[in-house]
Amino acid sequence: MEKVINQTRKLLADWYQRYHRRLPWRETRSPYRIWVSEVMLQQTQVQTVLPYYRRFLEHFPDVKTLADADLQVVLKAWEGLGYYARARNMHRAAKDIMQKHHGEFPDSREALMELPGIGDYIASAVSSIAFNQPYAVVDGNVKRVLSRFYELSDPVNKSFSYRMFKAAAQDLLDHRRPGMFNQALMELGALVCTPKNPDCRHCPIHPLCRAYQAGRVEQFPKRIRSPKTPLHHIAVGVVYKKDRMLITCRKPEGLLGGLWEFPGGKVKKHETPEKTCIREIKEEVNLDITVDRHISQVKHAYTHFKILMDVFLCRYEAGEVKLNGPVDFRWITLQEIDQYPFPKANHKFIPALKTLSSTPGQK
Ligand code: SF4
């Protein structure tokens, strides 16, 4: 077994040195920059991350700039990348680093794990890549490669399997160059041992891969089928009062926390979306409105549910804003809309809003 492990490490290292993608976060040893990249890459593809990574570092080139920034500015830089808790946690972690570590990025895994939003994956990635410490990383790519390489029957999509994959990865880890090894295993999963049609013939470790040698690659990784993703029907209103429209800010924590949106909510059984819009706006912001017209229907998928959103142009009729749920509100002009961070689902209809020839406020 020791021989197989050593051979695998060498084959992987040779392959990685020749074929890895040149990515900006691989050109640096800065723990701050590596941390930013690893947080962004969780749940998000490399091609999507690249422009965000560059822009984020232009805005916040170091921990201090990030810690000093207003959360709304950080969320605006993150806008469209999704999973906004990542940005909120990074902002809090940067403040902690300034206060508790005098601005020095902690180099111990234990200290890293105490920072908001840093779990086993990020701590292992930063400590191995930036500080060359021997901690194996386990992400989706690593689980898939290991599952096929060792013919593991543990399901990759269940958290109870994590410890087993972690132990397998830690066993295989090259302690002499842990950062490179971790990146090589993830890169192999991204480029060669892909979810569909893995390119086994060009895989550097195919002579040692159990699934390949047994002709059973398509049987791995194992998954436990998840229940069907629920679909929620939502109605939201763009409420105009003269030339201004109402936007509200979500609570700082939870899904899409701290982002701005148009008020609205879930359509109840036997309720029309128009009625939902009127009811929700009364409940959430205490305003009486009338629905002028339907302007858009958008679909959006989150991790655990999907939404179908009907968007209505509405007219303010009466009342003073009293918040019940949101934590802030603004009456803004259309020109001001780009100053606020909105969820992706809202961005799917904002372009339509910008092209409207008339609004209820102009009539
Ligand atoms: S031989 Fe195929 S299945 Fe095995 S690790 Fe390589 S790409 Fe994956």
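Predicted model: local features only at pLDDT ≥ 70, side-chain atom pairs only at ≥ 80, totals over all residues.

Visitor: How many cavities of 30 Å³ or more does the structure hold?

Guide: Rolling a probe the size of a water molecule over the atoms shows where empty space is left. At 30 Å³ or more, the number of cavities is one.

Visitor: Which helix gives the largest share of the lining of the largest cavity?

Guide: Lining residues have an atom within 4 Å of a grid point. There are 15 of them here, and Arg148, Cys193, Cys200, Cys203 and Cys209 lie nearest the centre of the cavity. Helices (H or I, at least four residues) and strands (E, at least two) are DSSP runs, numbered from the N terminus. The largest share, three residues, comes from helix α9 (residues 140–150).

Visitor: Where does the ligand sit?

Guide: A molecule sits in a cavity or pocket if more than half of its atoms lie within 2 Å of its grid points. By that test, the place of the ligand is the largest cavity.

Visitor: Which residues are around the ligand?

Guide: A residue counts as near if one of its heavy atoms lies within 4 Å of the molecule. By class, this shell has seven nonpolar residues, one polar and one charged. Ala, Val, Leu, Ile, Met, Phe, Trp, Tyr, Cys and Pro count as nonpolar, Asp, Glu, Lys and Arg as charged, and the others, Gly among them, as polar. The names are Arg148, Cys193, Cys200, Cys203, Ile205, His206, Cys209, Tyr212 and Val217.

Visitor: Which elements give two or more residues to the lining of the second largest pocket?

Guide: A pocket is an open set of points with protein on both sides within 12 Å along at least five of seven lines. The second largest pocket holds about 510 Å³, and Arg250, Leu256, Glu261, Gly264 and Glu284 lie nearest its centre among 26 lining residues. The elements are β1 (231–241), β2 (244–249), β4 (264–266), β6 (306–318) and α14 (344–347).

Visitor: How many nonpolar residues are in the lining of that second largest pocket?

Guide: Seven of its lining residues are polar and six are charged. The nonpolar class has 13.

Visitor: Which residue stands opposite valine 238 in β6?

Guide: Two strands pair if DSSP finds at least two bridges between them. β1 and β6 run parallel, joined by ten bridges. Valine 236 has valine 311 of β6 as its bridge partner. Opposite valine 238 stands leucine 313.

Visitor: Which residue in the turn between β1 and β2 has a positive phi?

Guide: β1 and β2 run antiparallel, with two bridges. Lysine 241 stands opposite arginine 244 of β2. The two strands form a hairpin with two residues between them, and the residue with a phi of about 55 degrees is lysine 242.

Visitor: How many residues lie between β5 and β6 in their hairpin?

Guide: Strand β5 (residues 288–301) pairs with β6 in the antiparallel sense over twelve bridges. Glutamine 297 has aspartate 310 of β6 as its bridge partner. The number of residues between the two strands is four.

Visitor: What is omega for the cis peptide bond at proline 221?

Guide: Most residues other than glycine have a negative phi, and most peptide bonds are trans. Proline 221 lies in the loop between α12 (210–213) and β1. The cis bond joins it to phenylalanine 220, and omega is about -5 degrees.

Note on methods. Residues numbered from 1 in each chain as written. Heavy atoms only, no water. 1 Å grid on protein atoms, 1.4 Å probe; cavity = no way out; pocket = protein on both sides within 12 Å on 5 of 7 lines; lining within 4 Å. Points joined across faces, edges and corners; volume = space filled by probe spheres on them.
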